[in-house]
Amino acid sequence: MAASLRGVGRMFCGTCSVFLRDGCSTSRKTWTQTGFPCLMSTKLLHSTRPSWCENAASETLAAASRYKDAPWEYLQSEEYTERYGSNPVWSGYRRNHKGGIPPQKTRKTCIRGDKICGNPCPICRDPNIIVHYQNVKLLKQFISPHTGNVYDPTRTGVCMKQQKQLNGAIEAARDHGLLAFHVPHVEFSGEDYSNAHAAVGRTPPAPSLQAGEPWYPWYQRTEPDQLQLAKVRKLYRAYLK
């Protein structure tokens, strides 16, 4: 019984393979003889080839050239509002690092030639963000409103190259009067500037001079303590020979 079942299975497989081979050969002949499907596929590929790549590249270049001369206009555009809202550009950014403790310094740069790293910093990832001393709205996002100090790059995630440009742009903006200097309030006491102290007071009048007396008493010769002098001599006796 088992042998008969095996024979039936072999016959069925053989007939299926013959039918498939004949069908493939006939279909190949008809496709190659007519040539219509091949030509049609190539024509469709060439005719319906999408040009969105070229359009996207042209739009990117146009946007970069539009904000290159006036980078502060990008922060007032609807595109910036839709992407960042009212948050700073570095809000929600997370650095890529090994382990649970991030390194004390960010990467040197995100773009090396034509290669961009996998997780660029908040400034390098958006080509429309340009660091400029007149781009005050962008610079204020990297300055603490309480202390006036520039945020550390470990907090904002900005690479060291962009952080250097930020520091230079902030200094230039302060020199041009676009950013205010944060001067801390210090309470002064009158004792620090009074002349009542003996060290900063008026010089007392000269006493009546006598022969052998100094002008002031603090110029008099004082004799050292003999016990302390003996201890010092004993300590440095090897060097006093």
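Q: With which residue does Asp 126 form a salt bridge, and how far apart are the closest N and O atoms?

A: Side chains of opposite charge can pair when their charged atoms come close. A salt bridge is counted when a side-chain nitrogen of Lys or Arg lies within 4 Å of a carboxyl oxygen of Asp or Glu. Here Asp 126 pairs with Arg 83, and the closest N and O atoms are 3.3 Å apart. The pair links distant parts of the chain, 43 residues apart: Asp 126 is in the loop between S2 and H5, and Arg 83 is in helix H4. Helices (H or I, at least four residues) and strands (E, at least two) are DSSP runs, numbered from the N terminus. A search of the whole structure finds one salt bridge.

Q: Is Asp 126 buried or exposed, and what is the state of Arg 83?

A: Burial is judged by relative accessible area (buried under 20%, exposed over 50%, partly exposed in between; 1.4 Å probe, protein chains only). Asp 126 is buried because its value is 2%, whereas Arg 83, at 47%, is partly exposed.

Q: Where is confidence lowest and where is it highest in the protein chain?

A: The quantity to read is pLDDT, the predictor's confidence in each residue, from 0 to 100. Where pLDDT is low, the predicted coordinates should not be read in detail. The protein chain averages 76, and 63% of the residues score at least 70. Confidence is lowest in helix H2 (residues 36-47), with a mean of 40, and highest in helix H7 (residues 160-175), with 95. Over residues 1-5 the pLDDT is below 50, and this stretch has zero contacts in the model beyond near neighbours in sequence. A contact means heavy atoms within 4.5 Å. Residues 23-50 also stay under 50, and the model gives them three contacts beyond four places in sequence.

Q: How many aromatic pairs does a search of the whole structure find?

A: Rings of Phe, Tyr and Trp (its six-membered ring) pair if their centres lie within 6.5 Å; planes under 30 degrees apart count as stacked, over 60 as edge-to-face and the rest as tilted. The search finds four such pairs. One of them joins Tyr 74 and Tyr 80 edge-to-face, at 5.6 Å centre to centre and 75° between the planes. Tyr 74 is buried at 0% relative accessibility, and Tyr 80 is buried at 2%. The rings of Trp 90 and Tyr 151 are likewise paired: their centres are 5.7 Å apart and their planes at 70°, so the arrangement is edge-to-face. Trp 90 lies in the loop between helix H4 (78-84) and strand S1 (111-112), and Tyr 151 in the loop between helix H5 (136-140) and helix H6 (153-156), so the pair ties together parts 61 residues apart in sequence. Trp 90 is buried at 15%, as is Tyr 151 at 14%. Tyr 67, Tyr 74, Tyr 80 and Tyr 84 form one aromatic cluster.

Q: Which residue lies over the face of Tyr 151?

A: A charge sits over a ring if NZ of Lys or CZ of Arg is within 6 Å of the ring centre and within 35 degrees of the ring normal. In this model Arg 155 takes that place, at 4.3 Å from the ring centre of Tyr 151.

Q: Which residues have the most contacts inside the largest nonpolar core?

A: A nonpolar core is a set of buried Ala, Val, Leu, Ile, Met, Phe, Trp, Tyr and Cys residues joined through side-chain atoms within 4.5 Å. The largest has 26 residues, and Val 89, Ile 123 and Phe 142 have the most contacts inside it. H4, H5 and H7 each supply at least two of its residues, and H7 gives the largest share, four residues. Apart from neighbours within four places in sequence, Ile 123 is in contact with Ile 129, Val 131, Phe 142, Val 158, Gln 162 and Leu 166.

Q: Which residues does Asn 135 touch?

A: Not counting residues up to four places away in sequence, Asn 135 touches Pro 71, Trp 72, Leu 75 and Ile 130. Asn 135 is buried, with a relative accessible area of 1%, and lies in the loop between strand S2 (115-116) and H5.

How values were computed: Residues are numbered from 1 along each chain as its sequence is written. This is a predicted model: local features need pLDDT of at least 70, side-chain atom pairs count only at pLDDT 80 or more; totals for chains, interfaces and linings use all residues. Side-chain values use heavy atoms; hydrogens and water are left out.
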